[in-house]
Amino acid sequence: MRVSKLLGAAVVSAALVGTTLIAGSPAIAQTNAAAAGCTALALETVVIRDRTSLSGTALAQLNKGETASSPCQMYYGGSYTKCGITSTRWVKVTKHGVTGYVVGTCVKQPA
C-alpha cells in the first residue's frame, strides 16, 4: 500500500512538472522487475520508439494481441492522443531483442 501512495505522488509530480519520469525508486523498480517482471499486451497495433515521444525513431511494431516483456514501471514523456485517450504515459517494452517505448494508452499491464 505504501508503494502505491509513493507512486501516486510521483505521477502527480510528473504531471505538474511535465518532465520525463520513471515512477518509483530504482531499488523498488529493480526488485519488482527481478521478482515478477511484467508483460504488456497490445490492445491496438503500436510503434516501439527509441524515446518517449511520437517523434522518436520507430524501432519495431507490436501488433494488436501481441505481448512484450516490460520492467513493471511507468514512464512519462511527450503528450499524445492514441486509442481515444490523451496522455503522457509510456511503457518500456522488449520484443525480439528490441527495447523501446510504446504509448501507454494502447497497452495493458497487470495491475
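**Figure 1. Surroundings of Lys-95 in the predicted model.** Apart from its neighbours within four places in sequence, Lys-95 makes contact with Ile-48, Leu-62, Glu-66, Thr-67 and Ala-68. The structure shown here and in the following views is a predicted model. Lys-95 belongs to strand β7. Although Lys-95 is buried, it takes part in no salt bridge. Glu-66 carries the nearest side chain of opposite charge, at 4.7 Å; this pair is not counted as a salt bridge because the nitrogen and the carboxyl oxygen would have to lie within 4 Å. A polar atom of the Lys-95 side chain does, however, lie 2.9 Å from the backbone oxygen of Thr-67.

**Figure 2. The salt bridge between Lys-64 and Glu-44.** The structure contains 1 salt bridge. It is formed by the side chains of Lys-64 and Glu-44, with an N to O distance of 4.0 Å. The two residues are 20 residues apart and connect distant parts of the chain. Lys-64 is found in the loop between β4 (58–62) and β5 (67–70), while Glu-44 is found in the loop between β2 (38–42) and β3 (46–49). Lys-64 has a relative accessibility of 56% and therefore counts as exposed. Glu-44, with a relative accessible area of 38%, is partly exposed.

**Figure 3. The largest nonpolar core.** This core comprises 16 residues, and the members that touch the most others are Val-46, Val-93 and Val-102. Two or more residues are contributed by each of β2, β3, β6 (75–82), β7 (85–95) and β8 (98–103).

**Figure 4. Contacts of Val-93.** Val-93 is one of the core residues that touch the most other members.

**Figure 5. The setting of the close-up views within the whole protein.** The protein has 2 helices and 9 strands. Along the sequence, these elements follow the pattern α-β-α-β-β-β-β-β-β-β-β. Of the 111 residues, 32% are buried. Among contacts with a separation of 6 or more, 54% are between residues 24 or more positions apart. The accessible surface of the protein is about 6300 Å², and carbon and sulfur atoms account for 57% of this area.

How values were computed:
Residues numbered from 1 in each chain as written. Predicted model: local features only at pLDDT ≥ 70, side-chain atom pairs only at ≥ 80, totals over all residues. Heavy atoms only, no water. Helix = DSSP H or I, 4+ residues; strand = E, 2+ residues; numbered from the N terminus. Buried < 20%, exposed > 50% of the residue type's maximum accessible area, 1.4 Å probe, protein only. Core = buried A, V, L, I, M, F, W, Y, C linked by side-chain atoms within 4.5 Å. Contact = heavy atoms within 4.5 Å. Areas by Shrake-Rupley, 256 points an atom, 1.4 Å probe, with all protein chains shown as cover. Lys, Arg positive; Asp, Glu negative; His and termini not counted. Polar contact = N/O pair within 3.5 Å; in protein donor to acceptor, adjacent residues only side chain to side chain.
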